[in-house]
Amino acid sequence: MDQLAIETENLTRAFKNTTAVEDLNLSVRRGEIFGLIGPDGAGKTTTIRMLAAIMDPTSGRASVAGYDTVRQPEPIKRRIGYMAQHFNLYRDLSVWENLNFFADVFELSGPERVQQVERLLRFARLTEFRDRRAAHLSGGMQKKLALACTLIHTPEILLLDEPTTGVDPVSRREFWDILTDLHLQGITLVVSTPYMDEAERCSRVGLIYQGRLIVCDTPEEIKAMTEGELLALWPSDLRLARQVLEGLPGVLEVQTYGEQLRAFVKDAATTVDQLTAALATNRIQLLQWSLTQPRMEEAFISLIRRERQELRH
Ligand SMILES: Nc1ncnc2c1ncn2[C@@H]1O[C@H](COP(=O)(O)OP(=O)(O)O)[C@@H](O)[C@H]1O
Ligand SMILES: [Mg+2]
């Protein structure tokens with residue numbers, strides 16, 4: 001069996017005014033939980049639609065489960081589960097009825113069908129809500145039901161488009177726990193999300209920005225790619241300290257988190273000395289500082305900044 005679940009080659013989709021996806025080269029191995037991460041408008045939905053074989057590229061190609069998305073969409077559709085960003089549940093049907101509707105679509109019958117519906121109810125932690133109408137479920141429960149419906153035909157590859165957008169943090173975590181269960185069962189998952197922190201739960205992530213893949217690697221490798229050292233600083237006046245800091249040489253980038261400034265700098269010791277001196281003239285103290293490791297979000301912002309600079313030059 002082909003070890004690659006998904007492979008794209010210069011995959012491109014242009015619309016009238018924008019190129020939503022440009023020269024995307026991506027490969028996803030079987031059994032991976034792959035995160036497609038990027039802000040709104042980055043091209044996530046367009047990419048996933050092309051992989052789901054419901055939208056054709058304007059150039060380039062993609063294969064999913066070994067089949068070409070343009071020439072062989074049917075075998076792909078049998079092997080994938082696709083959860084659209086704005087999926088449609090039947091609002092007037094109950095949880096159980098929604099699952100059975102999808103069981104009809106995929107022609108499941110007999111005891112196998114009954115078992116599958118019960119299994120998915122348990123798996124999605126929805127058994128006690130089986131008779132509740134979809135319209136009356138919380139946002140998080142609707143997403144779990146949509147996921148359960150996506151799994152009815154036991155797909156080998158799952159394409160989930162922003163399944164946690166707009167969901168509260170607790171439900172987001174529970175949803176990711178369920179995705180981790182699927183990953184442990186050996187299913188290949190491609191999950192798109194605008195939430196940088198979710199990258200931590202993937203085996204590999206691709207960061208896309210303005211239709212282009214900026215980086216594609218494990219979360220650990222991506223965090224190691226940032227330029228310079230990362231300083232965490234606690235000044236007595238946050239706003240003023242930020243202004244001073246941004247004006248110093250060797251300071252690449254400054255972000256504020258609560259009472260803390262976090263700055264990527266070329267050389268931490270030099271920056272701390274210069275900052276302390278500059279702040280002293282303004283009667284501001286540097287209460288505390290430390291060298292720290294970048295979080296995923298900071299790594300991404302740093303990589304996007306670097307990309308922007310390269311585009312300008
Ligand atoms: N059907 C379409 N017609 C024209 N432009 C589109 C269409 N779909 C998406 N776009 C544009 O392509 C870009 C990427 O959109 P999308 O793939 O939805 O990004 P994301 O899912 O990352 O938010 C956006 O600029 C969007 O406006
Ligand atoms: Mg989208």
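These legends describe close-up views of a predicted model.

**View 1. Six strands form an open sheet.**
The strand order is E6-E7-E8-E3-E9-E10. The pairing is mixed. Strands of a sheet pair through backbone hydrogen bonds, either parallel or antiparallel. Strand E6 (80-83) and strand E10 (212-217) are the edge strands, and each of them pairs on one side only. From one strand to the next, the twist averages 15°.

**View 2. Strands E9 and E10 pair in the antiparallel sense.**
Strand E9 covers residues 204-209. Five bridges join E9 to E10. Look for Gly206 and its bridge partner in E10, Cys216. E10 is also an edge strand of the sheet.

**View 3. Helices H5 and H6 lie across strands of the sheet.**
Helix H5 spans residues 139-150. H5 lies across E6 and strand E7 (157-161), and runs at about 155° to E6. Helix H6 spans residues 169-184. H6 lies across strand E3 (33-37), E7 and strand E8 (188-193), and its angle to E8 is about 155°.

**View 4. Helix H5 meets helix H6.**
The axes of H5 and H6 come within 10 Å. They cross at roughly 15°. Angles under 35 degrees count as roughly parallel, so H5 is roughly parallel to H6. The crossing of these two helices is right-handed. On the H5 side, the residues are Gly140, Lys143, Lys144 and Leu147. They meet Ser171, Glu174, Phe175 and Ile178 in H6.

**View 5. Helix H3 makes contact with helix H5.**
Helix H3 covers residues 95-105. The axes of H3 and H5 come within 9 Å and cross at roughly 25°. That angle makes H3 roughly parallel to H5. Their crossing is right-handed. H3 brings Val95, Asn98, Leu99 and Phe102 to the contact. H5 brings Leu145, Ala148 and Cys149.

**View 6. The largest nonpolar core holds 67 residues.**
Which members touch the most others? They are Leu145, Leu159 and Val190. H5 gives the most to this core, with six residues. Leu145 also takes part in the contact between H3 and H5.

**View 7. Val190 has contacts from several parts of the sequence.**
Neighbours within four places in sequence are left aside here. Val190 is then in contact with Ile6, Val28, Phe34, Leu36, Leu51, Leu158 and Leu159.

**View 8. Another core, of eleven residues, lies apart from the largest one.**
Its members include Leu230, Ala241, Phe264 and Leu275.

Definitions and conventions
Residues are numbered from 1 along each chain as its sequence is written. Chains are lettered from A and ligands numbered from 1 in the order in which they are written. This is a predicted model: local features need pLDDT of at least 70, side-chain atom pairs count only at pLDDT 80 or more; totals for chains, interfaces and linings use all residues. Two strands pair if DSSP finds at least two bridges between them. Helices (H or I, at least four residues) and strands (E, at least two) are DSSP runs, numbered from the N terminus. Axes are lines fitted to C-alpha atoms, for helices over the stretch in contact, and angles run from 0 to 180 degrees between N-to-C directions. Two residues are in contact if their C-beta atoms, placed from the backbone, lie within 7 Å. A nonpolar core is a set of buried Ala, Val, Leu, Ile, Met, Phe, Trp, Tyr and Cys residues joined through C-beta atoms within 7 Å. A residue is buried if 20 or more other C-beta atoms lie within 10 Å of its own, exposed if 12 or fewer, and partly exposed in between; C-beta atoms are placed from the backbone. Angles under 35 degrees count as roughly parallel, over 145 as roughly antiparallel, 65 to 115 as roughly perpendicular and the rest as oblique. A crossing is left-handed if the near helix is turned anticlockwise from the far one by less than a right angle, and right-handed if clockwise.
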